[in-house]
Amino acid sequence: MAIRVSLAILLFVGLGYGQDSWRSALYPEDWTPGFRDEQGRFLHDFSYAGYWRGEEPIPERPGNGAELVIDAVADFGADPTGERDTTAELQSALDAAGAAGGGIVVLAAGRYRIAPLGADAFALWIKNSHVILRGAGAGVTFLYNDTPAMRGKEIIRVAPQNGASWTTLISGSTVTLREDYADPTVRLKLQSTATLQPGEWIVVRSNATEAFIEEHQMTGWWSASQPGAIFYRQIVAVDHGEQEIIIDAPTRYPLRLRDNARIYKTRAHIEGVGLEDFSIGNS
């Protein structure tokens, strides 16, 4: 895919499940994870999609209160005419906002030529939380990447400096579940919660075992290398007495002990990043 934006973003330390929050109109007021109609049918709940799980409006300025505004043209010499490559200037503006703890990088109306430089697998990289890249309008400000070979590369990368995948395992942190979950849930009973604390980011996942593959009628097509369910979640509460955690958004697929259903800690990712009011073109 030629145009790709890594969005390990827009996640937050938020309200626990059950508190008031925005909800999709597709769901009744008394919706809970696992809700089904009289015929047993259900739709996955996407109410948690969006900035801060949809519980906060998209702010005009960075969510941490940063007030820095950088004009990429006036302050860093970015070229809005499209006559020359201006990747380095735009990257410097983004890095400056990140180094200041957050801010807005403003792109005036125009055409900005960008491309992966050297051995880079990206054209622009937002590495820090609370950085907003804002144009003058989707049909007014254009980022144009004219690199023809973009397989495995990104036009705008949004990811922490360490480059870790959102599924990166922190060694020694794996804990298995102690019961099956056929329906979506925010509560997970574990073999142990001794090392877990509220606020930590985890991956909830399972494997594509032979039974899993057969259940999906994919025997002979899928192999054990096919991943099972994978969810990136944050712990909002831990009940050490019950050996149970509450996560910030429901799971969306069955988790079974036969498939080695488990959780493990992963690194926190950047948050509060905005890509707003511009268009991206690719050669």
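The points below describe a sheet, a further strand pair, aromatic contacts and a cavity in a predicted model.

1. Basis. Residues are numbered from 1 along each chain as its sequence is written. In this predicted model, local features need pLDDT of at least 70 and side-chain atom pairs pLDDT 80 or more, while totals for chains, interfaces and linings use all residues, and side-chain values rest on heavy atoms, without hydrogens and water.

2. The four-stranded sheet. Four strands form an open sheet in the order β1-β3-β6-β15, and their pairing is parallel. Strands here are DSSP runs of E with at least two residues, and helices are runs of H or I with at least four, numbered from the N terminus; two strands pair if DSSP finds at least two bridges between them. At the edges stand β1 (69-71) and β15 (274-276), each of which pairs on one side only. On average, neighbouring strands of this sheet are turned by 15° against each other, direction ignored. The axes behind this angle are lines fitted to C-alpha atoms, for helices over the stretch in contact, and angles run from 0 to 180 degrees between N-to-C directions.

3. Bridges across that sheet. Between β1 and β3 (residues 103-106) there are three bridges in the parallel sense, and Ile-70 has Val-105 in β3 as its bridge partner. Strand β3 is joined to β6 by four bridges, again parallel; here Val-106 is partnered by Arg-134 in β6.

4. Strands β5 and β8. Strand β5 (residues 122-126) runs parallel to β8 and is joined to it by four bridges. Ile-126 faces Val-158 of β8 across this pairing. Because five of the five residues of β8 (residues 154-158) are buried, this strand is largely enclosed by the rest of the structure. Buried means under 20% relative accessible area, exposed over 50%, and partly exposed in between, with a 1.4 Å probe and protein chains only.

5. Aromatic pairs. The model contains five aromatic pairs. Rings of Phe, Tyr and Trp (its six-membered ring) pair if their centres lie within 6.5 Å; planes under 30 degrees apart count as stacked, over 60 as edge-to-face and the rest as tilted. Phe-122 and Trp-125 are edge-to-face, because their ring centres are 5.1 Å apart and their planes stand at 65°. Both of these residues, Phe-122 and Trp-125, are buried. Arg-157 lies over the face of Trp-125, 5.0 Å from the ring centre; a charge sits over a ring if NZ of Lys or CZ of Arg is within 6 Å of the ring centre and within 35 degrees of the ring normal.

6. An aromatic cluster. Trp-166, Trp-201 and Tyr-232 make up one aromatic cluster.

7. The cavity. There is one cavity of 30 Å³ or more. A cavity is a set of points on a 1 Å grid over the protein atoms alone where a 1.4 Å probe fits but cannot get out, and lining residues have an atom within 4 Å of a point. The largest cavity holds about 30 Å³ of space, a volume being the space filled by probe spheres set on the points. Its lining consists of Phe-212, Glu-215, His-216, Tyr-253, Pro-254, Arg-256 and Asp-259.

How values were computed:
On a 1 Å grid over the protein atoms alone, a cavity is a set of points where a 1.4 Å probe fits but cannot get out, and a pocket is an open set with protein on both sides within 12 Å along at least five of seven lines; lining residues have an atom within 4 Å of a point.
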